[in-house]
Amino acid sequence: MLQHNAVELLQDKIHTVVSETASNILVGPIKLPVNLDGETVVFQWYCWLPVKDQEDRELCRTATAETLIKRLSSFNLAEGQQSSVLVYGDFAHAEHAMIRMHSICHTGDIFGSKRCDCGFQLHQSMKMIVENGAGALFYLANHEGRGIGLFSKAMAYILQEQGLDTVEANLELGFKDDSRDYTDAISILQHLRQLPVKLITNNPKKLEALKSSGMNVEGRVPLWGDVSEYNARYLKTKVERSGHYGENEGIYHEYA
């Protein structure tokens, strides 16, 4: 039998976010104290579950704590990954709010790999959001390797060690240069905030995805840094082949 106290405790933390393009079950907010450069900063954390199967969309429309708990173990969620968002300050109502759409990077975010700048961007964007006073960092779990997945990314790394750049490696493995989709994340963003946002990114595709959704974007903040001999070619490829904004593209030249 269900523990009814758990149902009662969870009920006001479960939200259904349904639009014409996406159906998601959102859990949160959850108080999450984070160590940010030696200082404890308190964020509000949400996690969402995309509902793709037509059969389960009715669950999304009518989800309650009780119905969700009854089905939870059957979803086998540990076999996949779910995205989440860290919210800081009065995100819904603040006049100016920053957001970061951050693609998961197992090697950079967790291991601190210098082959990319992802770990730096994750940490720095959190600091920028806190300094701004309000914002949200979306951590997108199905975006590993620009959407090719961790196992495929490992094979792409091998190809890169043989001289291919990141774009060439993805194409050789049968993928697009960038397969990422922002539909679910944007639907959660629109649920959490209706006012304009400022996007932390160097990637014009992220900016275009937001604007195409109808979200009001009041500006963009570049995020370059942590350049070394290990990621100079990677950063150069981002600008020259993937079309990233390159206000500071000269930062990698000394290592080229």
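1. Start with Leu171. This residue is partly exposed, with a relative accessible area of 46%. Its place is in helix 8. Beyond four places in sequence, Leu171 touches Lys176 and Asp177. Ala156 lies 15 residues away in sequence, and the C-alpha to C-alpha distance from Leu171 to Ala156 is 9.4 Å. Please keep in mind that this is a predicted model.

2. Thr166 is also found in helix 8. Is Thr166 buried or exposed? Thr166 counts as buried because its relative accessible area is 10%, and the cut-off for buried is under 20%. With neighbours within four places in sequence left aside, its contacts are Arg146, Gln160, Tyr234 and Thr237. Lys153 is 13 residues from Thr166 in sequence; C-alpha to C-alpha, the two are 9.6 Å apart.

3. Next, the largest pocket. Its space comes to about 640 Å³. The lining holds 38 residues. Which of them lie nearest the centre of the pocket? They are Cys116, Arg146, Thr166, Tyr234 and Lys238. Arg146 and Tyr234 are also contacts of Thr166.

4. Several elements build that lining. Strand 5 (98–103), helix 5 (118–132), helix 6 (144–147), helix 7 (150–161), helix 8 (166–172) and helix 11 (232–240) each give at least two residues to the lining of the largest pocket. Which helix gives the most? Helix 11 does, with 6 residues. By class, the lining of the largest pocket splits into 13 nonpolar, 14 polar and 11 charged residues.

5. How many cavities of 30 Å³ or more does the count give? The count is 1. The volume of the largest cavity is about 30 Å³. Its lining consists of Arg146, Asp177, Asp178, Arg180, Asn203, Lys205, Ser242 and His244.

6. On to the nonpolar packing. In soluble globular proteins, nonpolar side chains tend to be buried together. Here the largest nonpolar core has 27 residues. Ile99, Met101, Phe138, Leu189 and Leu210 have the most contacts inside it. Two or more residues of this core come from each of strand 3 (39–50), strand 4 (83–88), strand 5, strand 6 (135–140), helix 9 (183–192), strand 7 (197–200) and helix 10 (204–212). Helix 9 gives the most to this core, with 5 residues. Strand 5 also supplies at least two residues of the lining of the largest pocket.

7. Leu189 deserves a look of its own. Which residues does Leu189 touch, not counting those up to four places away in sequence? Its partners are Phe91, Ile99, Met101, Phe138, Val197, Leu210 and Met215. A second, separate core has 15 residues, including Leu86, Met126, Ile129 and Ile200.

8. Last, the chain as a whole. The protein chain has 11 helices and 8 strands. Of its 256 residues, 45% count as buried. Take the contacts between residues at least 6 apart in sequence: 66% of them join residues at least 24 apart. The chain exposes about 13300 Å², and carbon and sulfur atoms supply 51% of that area.

Technical notes: Residues numbered from 1 in each chain as written. Predicted model: local features only at pLDDT ≥ 70, side-chain atom pairs only at ≥ 80, totals over all residues. Heavy atoms only, no water. 1 Å grid on protein atoms, 1.4 Å probe; cavity = no way out; pocket = protein on both sides within 12 Å on 5 of 7 lines; lining within 4 Å. Points joined across faces, edges and corners; volume = space filled by probe spheres on them. Helix = DSSP H or I, 4+ residues; strand = E, 2+ residues; numbered from the N terminus. Nonpolar A, V, L, I, M, F, W, Y, C, P; charged D, E, K, R; others polar. Buried < 20%, exposed > 50% of the residue type's maximum accessible area, 1.4 Å probe, protein only. Contact = heavy atoms within 4.5 Å. Areas by Shrake-Rupley, 256 points an atom, 1.4 Å probe, with all protein chains shown as cover. Core = buried A, V, L, I, M, F, W, Y, C linked by side-chain atoms within 4.5 Å.
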